[in-house]
Amino acid sequence: MFFLLSKVLIIFIRPLCWTAGLLIWSYLTKKPERRRKLILTGLLILFFSSNKVLVNEITRAWELEPNTNAQVPETAIILGGYAEWDSHRNRVQMCDAADRL
């Protein structure tokens, strides 16, 4: 039930769904003042949500500043799985998971 609900409710988070709903509502409404407001609101939502520059600036303002006081570790463990040794060709061969590298 939770899985189904999460897949159905994710649709209502997307701005395109809000825009489509407002434009359909504006088409069905009889009052011209409400129609004008709904169309304007739908187009503004579409403009602000589809403008990459605005979305990037809002996202950048939302992010935290990097921690410059953190110590850099001397060693690191890198989980692989994207390459293996090909003994026939005597070289490293990339696997299907290499696109995530």
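**Note on salt bridges, helix packing and selected residues**

1. R89 and D86 form a salt bridge in which the closest N and O atoms are 4.0 Å apart; the term stands for a side-chain nitrogen of Lys or Arg within 4 Å of a carboxyl oxygen of Asp or Glu.

2. Basis of the values. This is a predicted model, in which local features need pLDDT of at least 70 and side-chain atom pairs count only at pLDDT 80 or more, while totals for chains, interfaces and linings use all residues. Residues are numbered from 1 along each chain as its sequence is written, and side-chain values use heavy atoms, with hydrogens and water left out.

3. How many salt bridges does the rule give? The count comes to three. One of them joins E33 to R36, with 3.0 Å between the closest N and O atoms. Because E33 and R36 are three residues apart in helix 3 (residues 32–50), about one helical turn separates them. Helices here are DSSP runs of H or I with at least four residues, strands are runs of E with at least two, and both are numbered from the N terminus. E33 is partly exposed at 42% relative accessibility, and R36 is partly exposed at 49%.

4. Another salt bridge links E57 and R60, whose closest N and O atoms are 2.9 Å apart. These residues, E57 and R60, are three residues apart in helix 4 (residues 52–62), so they are separated by about one helical turn. E57 is partly exposed, with 43% relative accessibility; R60 is exposed, with 52%.

5. Helix 4 as a whole. How many of the 11 residues of helix 4 are buried? The count is zero, and helix 4 is hardly covered. At its N-terminal end, helix 4 is capped by N51, which places a side-chain oxygen 3.3 Å from the backbone nitrogen of V53. This falls under the rule for a polar contact, a pair of N or O atoms within 3.5 Å; within protein, one atom must be able to donate a hydrogen and the other to accept it, and residues adjacent in sequence count only if both atoms are side-chain atoms.

6. Packing of helix 3 on helix 4. Two packed helices are described by the angle between their axes and by the distance between the axes. For helix 3 and helix 4 the angle is about 70° and the axes are 5 Å apart. Helix 3 is therefore roughly perpendicular to helix 4. Axes are lines fitted to C-alpha atoms, for helices over the stretch in contact, and angles run from 0 to 180 degrees between N-to-C directions. Angles of 65 to 115 degrees count as roughly perpendicular, under 35 as roughly parallel, over 145 as roughly antiparallel, and the rest as oblique.

7. Which residues make the contact between helix 3 and helix 4? Helix 3 supplies F47, F48, S49 and S50, and helix 4 supplies K52, L54 and V55; contact means heavy atoms within 4.5 Å. By class, the contact of helix 3 with helix 4 has four nonpolar, two polar and one charged residues. Ala, Val, Leu, Ile, Met, Phe, Trp, Tyr, Cys and Pro count as nonpolar, Asp, Glu, Lys and Arg as charged, and the others, Gly among them, as polar. L54 of helix 4 is partly exposed at 29%. Apart from neighbours within four places in sequence, L54 touches F47 and F48.

8. T19 sits in helix 2 and is buried at 3% relative accessible area. Neighbours within four places in sequence aside, T19 is in contact with G42, I45 and L46. The C-alpha atoms of T19 and L43 are 7.0 Å apart, although 24 residues separate the two along the chain. L43 is in helix 3 and is partly exposed at 45%. T29 belongs to the loop between helix 2 (15–28) and helix 3 and is buried at 5%. With neighbours within four places in sequence left out, T29 is in contact with R34, R35 and L38.

9. A backbone point. N90 has a phi near 60°, a positive value in a residue other than glycine. Where is N90? It lies in the loop between strand 1 (83–86) and strand 2 (91–94). N90 is exposed, with a relative accessible area of 55%.

Notes: Buried < 20%, exposed > 50% of the residue type's maximum accessible area, 1.4 Å probe, protein only.
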